[in-house]
Amino acid sequence: MKRFVALFCALMLTLSLLASCGTRNDDKDKDSDGKIVLKVAVLESAYGKKMWEDVAAAYEADHTDVKIELTAEKNLEDVIGSKMKSGDYPDVVHLATGREAGLTETMIRENSLADISDILDEKVFGEDVSVKDKLIEGFTDTAATHPYDDDSMYMAPMFYGPCGLFYNAGLFAEKKWTVPTTWDEMWELGQKAEAEGIALFTYPTAGYFDSLMFALLCETGGVEFYNDCMRYKEGVWEDKNAREALDIVARLASYTEPTTVANANNDNYLKNQQLILDNKALFMPSGTWVVGEMADAPRSEGFEWGFMALPAIDSDSDRYSYTYFEQIWVPENAKHQDEAKDFIAYLYTDKAVKIFAEAGAIQPIQGVSEILEGENKLFYSIYDTGAKPVLGGFAATDPVEGVSMTDTLFGTVNSIVSGDKTVDEWQNAIKKASDSLRKALKK
């Protein structure tokens with residue numbers, strides 16, 4: 001009898017384990033038709049939500065066992081943040097770093113992102129090419145896609161916009177001026193423009209110096225040096241290459257239009273951008289979005305947008321252009337991680353790329369400039385005409401009270417332009433911030 005009871009208990013335990021395994025394997029959200037419900041949460045930006053609706057419909061047509069539950073909101077953090085706190089996670093999230101709410105940064109700090117490295121080797125749906133071979137080189141090996149000190153990719157690149165110096169090409173044609181290709185030529189042009197009452201330089205806000213500074217660090221010290229700066233390597237900001245970059249910015253400061261600092265804030269930055277359209281300043285650092293921002297602004301006769309990478313250090317050196325790119329990711333607690341990664345890979349199909357591009361959202365796909373027209377073709381062909389891309393940003397750290405590298409490195413530019421701080425003071429402050437953050441690097 002004891003033996004029978006023991007055997008019976010063992011049998012029931014086995015059945016229970018099998019049942020629980022079956023439950024885990026089927027622990028997926030499904031609709032009434034038995035389709036897997038994939039929750040996709042995306043930021044509704046200036047590109048609109050229709051492109052996401054069209055891509056979701058295309059994916060469903062090609063994957064009849066999946067139903068996309070799309071959430072597209074301008075305040076995406078508010079919509080999904082509270083749900084995630086209660087355990088209701090989306091499977092795919094398109095939300096870049098750098099937003100005021102900082103939800104993506106919080107997910108990074110809390111190690112709450114899934115490793116999605118295997119997406120790179122996945123074949124693009126309906127095409128005989130892998131994701132990694134379709135993407136422009138360099139976009140999947142940055143501090144943005146690899147936020148931790150390892151080789152794994154936790155965020156995939158989505159829409160991007162090259163940054164550089166914007167100018168009025170019509171003015172250059174009228175004056176018969178040559179667009180500078182080196183910094184020496186830049187300073188010569190500054191003298192020439194000054195003689196005609198035109199400033200060489202302006203900037204929307206000091207925050208726009210991130211794109212300029214990142215490209216400049218590559219020009220003065222190379223990509224490896226830039227990466228050392230991004231990872232707070234000891235002594236990196238005392239290096240001669242760092243000082244050269246800071247000195248170039250300081251020299252630009254001496255050529256900056258006088259009203260710039262007063263308007264370099266979130267309320268008045270458009271006034272600085274207007275200086276380019278009014279021929280009161282020649283060059284301004286920005287990204288491709290500036291064209292849309294100034295679409296309805298008045299402009300001088302014959303105005304035509306021009307765009308270039310930073311001038312090179314000398315005629316034998318490389319020119320660089322920093323690229324902002326948005327990221328898409330999978331929460332570690334997402335229920336459908338395999339399907340989520342498959343959906344992300346689908347976003348790089350020719351079909352999806354075309355849908356996004358028609359809405360103005362451009363992805364870092366090989367040869368993407370060939371399907372673009374007008375100003376977008378000018379902007380996105382910058383890497384086809386010799387400039388090298390700069391990607392990523394500062395590595396993730398635990399919070400350090402009172403320390404902000406972006407405030408120290410970029411925010412101080414206003415004080416350099418106004419003369420309230422010296423380059424020595426700036427360099428020392430940057431070094432101090434870097435030393436503090438190095439100790440807080442995320443592992």
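Student: Is Lys233 buried, exposed or partly exposed?

Tutor: Lys233 counts as partly exposed, at 47% relative accessibility. Buried means under 20% relative accessible area, exposed means over 50%, and partly exposed lies in between, with a 1.4 Å probe and protein chains only. Before we go on, note that this is a predicted model, where local features need pLDDT of at least 70, side-chain atom pairs count only at pLDDT 80 or more, and totals for chains, interfaces and linings use all residues. Residues are numbered from 1 along each chain as its sequence is written, and side-chain values use heavy atoms, leaving out hydrogens and water.

Student: Thanks! How should I read a salt bridge, and how many does the structure hold?

Tutor: Side chains of opposite charge can pair when their charged atoms come close. The criterion is a side-chain nitrogen of Lys or Arg within 4 Å of a carboxyl oxygen of Asp or Glu. The structure holds 20 salt bridges. Among them, Lys233 pairs with Asp228, with the closest N and O atoms 3.7 Å apart.

Student: Which residue forms a salt bridge with Lys132, and which parts does the pair tie together?

Tutor: The partner of Lys132 is Asp121, and their closest N and O atoms are 2.9 Å apart. Lys132 lies in helix H5 and Asp121 in the loop between helix H4 (103–109) and H5, so the pair ties together parts that are 11 residues apart in sequence. Helices (H or I, at least four residues) and strands (E, at least two) are DSSP runs, numbered from the N terminus. Lys132 is partly exposed at 44%, while Asp121 counts as exposed at 52%.

Student: Is Lys134 buried or exposed?

Tutor: Lys134 is buried, with a relative accessible area of 7%. Lys134 also forms a salt bridge with Glu127, where the closest N and O atoms are 2.6 Å apart.

Student: Which residues are linked in a network of salt bridges?

Tutor: Asp29, Lys39, Asp88 and Lys335 are linked in that way.

Student: Now for sulfur: how many disulfides does the structure hold?

Tutor: A disulfide is a pair of cysteine sulfur atoms within 2.5 Å. The structure holds zero. Cys218 is in no disulfide, and its nearest cysteine sulfur, that of Cys229, is 8.9 Å away. From the side of Cys229, the closest cysteine sulfur is in Cys218, and 8.9 Å is too far for a bond. Cys218 counts as buried at 3% relative accessibility, and Cys229 is buried at 0%.

Student: Where does Asp150 lie?

Tutor: Asp150 lies in the loop between helix H5 (131–134) and strand E4 (155–168). Asp150 is partly exposed, with a relative accessible area of 32%.
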